[in-house]
Amino acid sequence: MNYAALAIIFLAAALALALGLIARRGQQMTLEQWTVGGRGFGGLLVFLLTAGEIYTTFTFLGGSGWAYGKGAPAYYILVYGSLAYILSYWLLPPIWRYARQERVVSQPHYFARKYDSPMLGVLAAAVGMVALIPYLMLQFKGLGIIVSIASYGAISSRLAIWIGAAVVTTYVMVSGVRGSAWTSTVKDFLILAIAVFLGIYLPFHYYGGYGEMFRAIDAAKPGFLTLRASGEGSVLWFQSTALLAAVGFYMWPHAFGAALTARAERTFRRNAIILPLYQLILLFVFFCGFAAILQIPGLASVDQSLFRLSIATFNPWFVGVIGAAGVLTALVPGSMILIAASTLIANDIWRGLSPETSEDMVARAARGLVPVVALLAVGLALQDSQTIVALLLMGYGFVSQMFPALVGSLMRNNPVTKPGAFAGVIVGVATVAVFSLPKGTFVTLASLLPSGLADINVGFFALIVNVIVTGLVSLATRPAPVATIGRA
Amino acid sequence: MTWVKWLAVLPFLAMLVGTAFVNTVEPLVFGLPLVLAWLVIWVVLTAAIMALIFYSDPANDAAQDGDQGASR
């Protein structure tokens, strides 16, 4: 029995907690301070925060897991971030400008102001919540996998999920978003170093090089390294999934929130240059998953592949370092998501429904809700058997449905009306929900569409329906031109 | 900035549409399957294109830089 790995992992978690406490000192914790850091973060911190929430357990375990279990379809993960950063160059500055002017602290808040409709804010918050829950589940799942495997089986994965959730919750309660930024710094260096090292070491150690590795995989599993002819992983699936995730990228309430922490809009434009390169870490993560295919074949849970291969390769203390990096990649985004989710309920749903609630009460409620949301996610994570990537794709399907209303709100003369935005979002979310239910519960997408289009991503299909409904309802409810004159 | 910003369309075309035409393993490029290498090259080109756009965009001139005068 070897506890070295576990000890290092817990040490990392304790260190993150300490950093959070230090970061909090001297800062008064108002809601604006807790959620958007008083809007005073410079380029580097915003960069780390935005980079930080992308490199989550999803990247580390989910990315390698899909490379291991599915092969080429995992490439979509490399694509959508780059496309999203291109969009961010034009998308984020006007949002940030408006948010600063109107003191907006969250994404639903933004929609409520822009459309002059508190109820649209409540709807946006509800959509955000529904999407964030699977995202939080997958962080806890990742933590569970890491802690349980690093304990060499001494801690069951169920117990490990509980431990992970407890750590994230404590962390958020003591530090808020400043803690995230600090730990993000440590975590980004660690994950960068670990992912690049593993992505180089494993292929060379086991195969003697990349070319040799890929030829061996191609020989053992023909067709695994290219997109499929049909079904999940086909070219159409890849295109629609990458595009859906690209437009959904900044629709996540926590990603939107991270954007609001910036001090200047130029920060986003500069980040649009650097962040695509940061995506290349994923390549090394894929290499880990690919290396595992022929070394530890037949894993029931593909998300374990990176960690199982590490255990088979390295001695326990280094497994501990890898585990520590993994724990931090769950802790930082997990804490951002928890903050976003509890702020959504307190500030956007509660205050949206009863506007006279005081700032102080909302701030207290937001912090009080943190353990409640965490418990909900733990409960669901313990029952769920989907892969990490499948969970996130479901979240993307939901959250992207806010995109048409956002694009409309950025235009000079918003073509989207209030009823149009409502109808589009509701129909879009309903479409995702119906087709995401277990097979046979309802109609499947494939039975509705011609065979050439059947592989389209469900969320993308819903987005098309959403745009059509938004457009038609907006046309029908368009106010007389006179009514809009005089409004900015 | 006028025409330069349209370069931002290229990564979308290359990574979404173009990928369909390079969907093979061989020839390996830098040891990677062709389709993966294609995507990696375009991630790097995306950064290059965004840099080009950034430096030709008058909105990023130092004079208008909001970095100064922020409340701290």
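## Packing of helices 6 and 7 in chain A

In this predicted model, helix 6 of chain A contributes Gln107(A), Pro108(A), His109(A), Phe111(A) and Ala112(A) to a contact with helix 7 of chain A. The partners in helix 7 are Pro118(A), Leu120(A), Gly121(A), Val122(A), Ala124(A), Ala125(A) and Gly128(A). By class, the residues of this contact comprise 8 nonpolar, 4 polar and no charged.

The axes of helix 6 (residues 107-114) and helix 7 (residues 118-150) of chain A come within 7 Å and cross at roughly 155°. Because angles over 145 degrees count as roughly antiparallel, helix 6 of chain A is roughly antiparallel to helix 7 of chain A. Their crossing is right-handed.

## Interface between chains A and B

Contacts between the chains involve 35 residues of chain A and 33 residues of chain B. On the chain A side, the elements giving two or more residues are helix 5 (76-102), helix 9 (210-220), helix 10 (235-248) and helix 12 (266-278). Helix 12 of chain A gives the most, with 7 residues. The side of chain A that touches chain B divides into 22 nonpolar, 7 polar and 6 charged residues.

## Backbone features in loops

In chain B, the loop between helix 1 (9-17) and helix 2 (34-56) holds Pro27(B), which is joined to Glu26(B) by a cis peptide bond with omega about 0°. Phe30(B) lies in the loop between helix 1 and helix 2 of chain B and, although not a glycine, has a positive phi of about 50°. Phe30(B) is exposed, with 10 other C-beta atoms within 10 Å.

In chain A, Arg103(A) is placed in the loop between helix 5 and helix 6. Arg103(A), a residue other than glycine, has a positive phi near 50°. With 11 other C-beta atoms within 10 Å, Arg103(A) is exposed.

Conventions:
Residues numbered from 1 in each chain as written. Chains lettered and ligands numbered in written order. Predicted model: local features only at pLDDT ≥ 70, side-chain atom pairs only at ≥ 80, totals over all residues. Axes fitted to C-alpha atoms, helices over the stretch in contact; angles between N-to-C directions. Helix = DSSP H or I, 4+ residues; strand = E, 2+ residues; numbered from the N terminus. Parallel < 35°, antiparallel > 145°, perpendicular 65-115°, else oblique. Left-handed = near helix turned anticlockwise from the far one by under 90°. Contact = placed C-beta atoms within 7 Å. Nonpolar A, V, L, I, M, F, W, Y, C, P; charged D, E, K, R; others polar. Buried ≥ 20, exposed ≤ 12 C-beta atoms within 10 Å, placed from the backbone.
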